[in-house]
Amino acid sequence: MLRRVGGTSDGPRLEDESDLRVAYDAHGPELYRFALRQLGDEGGAQDVVQEVFLRAWRSSSSFDPELASLRVWLFAIARNVVIDEARRAGVRPWQRTLAAPDREHDNVAAAPRIDDQVMDRWIVEEALRRISPEHRTAVVELHLRGRPPTEVAAEQGVPPGTLRSRLFYGLKALRVAMDEMGVEL
C-alpha cells in the first residue's frame, strides 16, 4: 500500500511550498534522525535534510507514487545524500574537527552503521514487493537464504533450471526496481 502525503488523487506532488511543507512535516523529523544516526553530527544532519528536500523539489517530476511511496523515495534520496556527506567528510576530515572540536575524532564514514543495514534491508524489501511472486520467491530462497535449488524447486513444483532462470530474471527485475526507486548501487 502506498502512503500518500498531500497532493492530488494521483499521489503526492512536491510542486509548491504547501506540498513540500506537508512532506517535510510528515518525514522531516524521521529523515533528520536517520541522518543524525548516520553522521553523528547535528549540523550535518540538518544539511542532509535540507538537501533531501531540495533534491526532491528539483526532481519532483521524476517521482512516481506508483513505483514507490514518498517516504521510500525521500529515504532513498537521504541515503545518497548521507553517502555524499560521508565522502565529503572523508576527503576533508579537518572540517569535522573544526565543526565539533570537543568530539572525539572518529571515522564515521568508514564504520558500518546498523541504520545503514536497516535502510538497505528496507529498500530491498520495498524492491522485492515490486517484482513478480515467482521471481521474488527465487531471489529470497536461493539468493538471500542460500537454499539449494533442488530443494526449492521440489517445493515449488518446477524443474531446477526453471528456478535458476527465475533467479536470473528476478535479480535483473530487482535491479530495475531499485533503479526506479532512485537507489544508487
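**Exercise 1.** At roughly what angle do the axes of helix H6 and helix H8 cross?

*Solution.* Start with the source: this is a predicted model, in which local features need pLDDT of at least 70, side-chain atom pairs count only at pLDDT 80 or more, and totals for chains, interfaces and linings use all residues. Residues are numbered from 1 along each chain as its sequence is written, and side-chain values use heavy atoms, with hydrogens and water left out.

Step 1. Locate the helices, which are DSSP runs of H or I with at least four residues, numbered from the N terminus. H6 covers residues 133-144 and H8 covers residues 160-180.

Step 2. Take the axes, which are lines fitted to C-alpha atoms over the stretch in contact, with angles from 0 to 180 degrees between N-to-C directions. The axes of H6 and H8 come within 8 Å and cross at roughly 100°.

Step 3. Classify the angle: H6 is therefore roughly perpendicular to H8, a class that spans 65 to 115 degrees.

**Exercise 2.** Which residues of H6 and H8 meet, and how do they divide into nonpolar, polar and charged?

*Solution.* Step 1. A contact requires heavy atoms within 4.5 Å. From H6 come Glu134, His135, Ala138, Val139, Leu142 and His143. Their partners in H8 are Leu163, Arg166, Leu167, Tyr169, Gly170, Leu171 and Leu174.

Step 2. Sort them: Ala, Val, Leu, Ile, Met, Phe, Trp, Tyr, Cys and Pro are nonpolar, Asp, Glu, Lys and Arg are charged, and the others, including Gly, are polar. The contact of H6 with H8 has eight nonpolar, three polar and two charged residues.

**Exercise 3.** How are the rings of Phe63 and Trp73 placed, and are these residues buried or exposed?

*Solution.* Step 1. Rings of Phe, Tyr and Trp (its six-membered ring) pair if their centres lie within 6.5 Å; planes under 30 degrees apart are stacked, over 60 edge-to-face, and the rest tilted. The structure holds four aromatic pairs.

Step 2. The ring centres of Phe63 and Trp73 are 4.8 Å apart and the planes stand at 40°, so this pair is tilted. Phe63 sits in the loop between helix H2 (42-58) and helix H3 (70-91), while Trp73 lies in helix H3, 10 residues apart.

Step 3. Buried means under 20% relative accessible area, exposed over 50%, and partly exposed in between (1.4 Å probe, protein chains only). Phe63, at 6%, is buried, and Trp73, at 7%, is buried.

Step 4. Another pair, Phe168 and Tyr169, is edge-to-face, with 4.9 Å between centres and 80° between planes. Phe168 is partly exposed at 46%, and Tyr169 is partly exposed at 45%.

How values were computed: Helices (H or I, at least four residues) and strands (E, at least two) are DSSP runs, numbered from the N terminus. Angles under 35 degrees count as roughly parallel, over 145 as roughly antiparallel, 65 to 115 as roughly perpendicular and the rest as oblique.
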